[in-house]
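User: Could you take a close look at one helix-helix contact for me, and then show me what else stands out around the fold?

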Amino acid sequence: MKIKSTSEVKVPLRMIDQIIGQEKAVDIIKKAARQKRNVLLIGPPGTGKSMMAQAMAELMEGAELEDVLVYPNPNNENQPMVRILKTHPDFEYIRKNKLERFFSPRELERIRKGPAAAKEPASAKEPEKGEKPIPAAVSLRKQITAGLGRRISQYQKPREEAAAKGPSSTIIIAIAGIVILAVVLATEIPENVKMLAVVTVLGLGLLFIISNATAGLGKRLMITEQSTPKLIVDNTERTAAPFIDATGSRAGSLLGDIKHDPLQSGGLGTPAHLRVEAGAIHQANKGVLFIDEVASMKLNWQQEILTAMQEKKYPITGQSEMSSGALVKTQPVPTDFVLVAAGNLPDMAHIHPALRSRIRGGGYEVYVEDTMEDTPENEENLVRFIAQEVVRDGKIPHFRADAVSEIIEEARRMSGRRKRFTLNLRELGGLVRAAGDIAREKGIQLVTKQEVLEAGKIFKSIESQLGAKMIEHKREYQTIVTSGAEVGRVNGLAVLGDSRAGLVLPIVAEATPAASRSEGRVIATGKLGVIAKEAVDNVSAIFKKYIGTAIARTDLHIQFLQTYEGVEGDSASISTAVAVISAISDIPVRQDVAMTGSLDVRGRVLPVGGINGKIEAAIDSGIKKVLIPQANGQDVYLPKDRAKMIEIIKVTSISEVLSHALKDSKAKNELLMKMKTQAD
């Protein structure tokens, strides 16, 4: 690393250039943006799927944006008419459609000259070094303050104001009433006549106010008077293709809706076209519609999205059958968008087959990587990532070289694999911001290694915090035993949920005479999942092989202690096997040893995930030795001070596991000799 701090690192301006470790996906996104192809991104959370979708919209700069207006239909009030207009039209379009009245003469002259007019102002700012130059066409759009749709929807307001010149009739009548009252009160006439005159004037004024209010209400609500269109898609503020994130949207916000009108009769109802609301599929026209966790969306909504993709237009109607909006259906509204859908691998079965087929037939499916190789080039990419996070946050100081090195070390640990960096950059970015917050509280100019280490202690997932609490609770109540030796009891290791947080998992086994005369059973309890139950069944083959036929007359009870959170996976296979073999052979198991690993039916130890988190949990529990699969040996990545606190033994077979886990005794030696003889 040749920098003193991340302030020296140049941060790319384009979002596509800020994506790290996803070269294959980035290449496909660029192709899809050029050709306007749909994309399905599958991968773990936090790996940059939404960032890729935004980058794709940024790359689609040439999109011709469109505004959508809705007008009342004089022939059918429940079928509002739709008008599509260019948001930023050229002069020929304006002239052909006779739209000159919506622009000032100066604006028309600029539009007539085209992009060259954007260079006219002498005060135009030149792009700074490294700054992305603004295209002339985009600069012209910024100078023309409002899009065409907005201009038309607001056009009648100045016209009505111009027509209403002169003082208001209400003001005139009010002044006349005040003058009459002043004259009556100043004139020498009987008091009863004065009172009658005052009451008469006030009564006439009240009648005028009521009449005027009623007439105004009727005029406001009469459908024939509502010729002003409603702008439902407005791209005035955009200079590039729209990016619409519809993640978690309900039917109305996704597909459009018609508002409910409680006043549906007597001429008091709101006109249908004023109740039309565009959905995300309409807002994304000429741009990108992004839907994360697409599999969680109802299948009928996925089907409607497919229809909009195929037809490139979709009418808006009320989404609730109980609403008056269900009676209204507009003319088709453009939906020419590119779909970028995202999700996790286990959820793919819940994606509508037709929608997925449409994406594959006219686009790409991409698996987003969760790790990248540990190379000098990727190390430099992580340095750039830290600089990007500092710039994006805007509130934290830059990182000194030693702090950057510590973040990179954490990226190695988080990967859980040999010679790899994690690409869960969302979580890594959280660590960057936590360290930056600590540095800001201290009032220092650069984040150092000390702040990163402090952030690591407080920036923990809920699972990690819960795992620590569970370990503390189990040690307090002696659920976890870390000294001595016991028959049929093993300290297994597991991860909590889908996280990297490790957990010590005590397992106990007991052998009893079979309750059935025909055959013994294996009974496992502790809220086991499908894979965990299958792993227990597979381990039973090892019992039969090494223990012999006596197991047929024995029931084996296996209990995963206090596993209220459930157990899934096969990483407790060697722990289960050791507990049962200990219970049957009556050989104690060392309690200062913990273990993790899968087993095949022949007794070979297979690799598992979450190695670093499991070892960390063993260290926190006070365990002195841990057994892990030989294949996971290079995946171990611990801080030097933590690595000194435990002995890590790599094993390849169940016999090696037993040699380290069982307490030294004559029975142990006989068992291992028997297993060796059978293996030979």
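Analyst: Let's start with how axes work here: they are lines fitted to C-alpha atoms, for helices over the stretch in contact, and angles run from 0 to 180 degrees between N-to-C directions. Helices (H or I, at least four residues) and strands (E, at least two) are DSSP runs, numbered from the N terminus. This is a predicted model, where local features need pLDDT of at least 70 and side-chain atom pairs count only at pLDDT 80 or more, while totals for chains, interfaces and linings use all residues. Residues are numbered from 1 along each chain as its sequence is written, and side-chain values use heavy atoms, with hydrogens and water left out.

Now the close look. Helix H16 (residues 425-442) and helix H17 (residues 449-458) have axes that come within 8 Å and cross at roughly 120°. That makes H16 oblique to H17 (under 35 degrees is roughly parallel, over 145 roughly antiparallel, 65 to 115 roughly perpendicular, and the rest oblique). The crossing of these two, H16 and H17, is right-handed; that is, the near helix is turned clockwise from the far one by less than a right angle, with anticlockwise being left-handed.

Who touches whom? On the H16 side you'll find Leu431, Ala434, Ala435, Ile438, Ala439 and Lys442, and they meet Gln450, Glu451, Val452, Glu454, Ala455, Gly456 and Ile458 of H17, with contact meaning heavy atoms within 4.5 Å. By class, the contact of H16 with H17 comes to 8 nonpolar, 2 polar and 3 charged residues (Ala, Val, Leu, Ile, Met, Phe, Trp, Tyr, Cys and Pro are nonpolar, Asp, Glu, Lys and Arg charged, and the others, Gly among them, polar).

Elsewhere, H12 (residues 299-311) and H13 (residues 353-361) have axes within 9 Å, crossing at roughly 35°, and H12 passes H13 in a left-handed crossing. Here Gln302, Leu306, Met309 and Gln310 in H12 meet Ala354, Leu355 and Arg358 in H13.

As for rings, searching the whole structure turns up 1 aromatic pair. Phenylalanine 243 and phenylalanine 290 have ring centres 6.1 Å apart and planes at 25°, so the pair is stacked (Phe, Tyr and Trp rings, the six-membered one for Trp, pair with centres within 6.5 Å; planes under 30 degrees apart are stacked, over 60 edge-to-face, the rest tilted). Phenylalanine 243 is in strand E5 (residues 243-245) and phenylalanine 290 in strand E8 (residues 288-291), so the pair ties together parts 47 residues apart in sequence. Phenylalanine 290 is buried at 1% relative accessible area, whereas phenylalanine 243, at 24%, is partly exposed (buried is under 20%, exposed over 50%, partly exposed in between, with a 1.4 Å probe and protein chains only).
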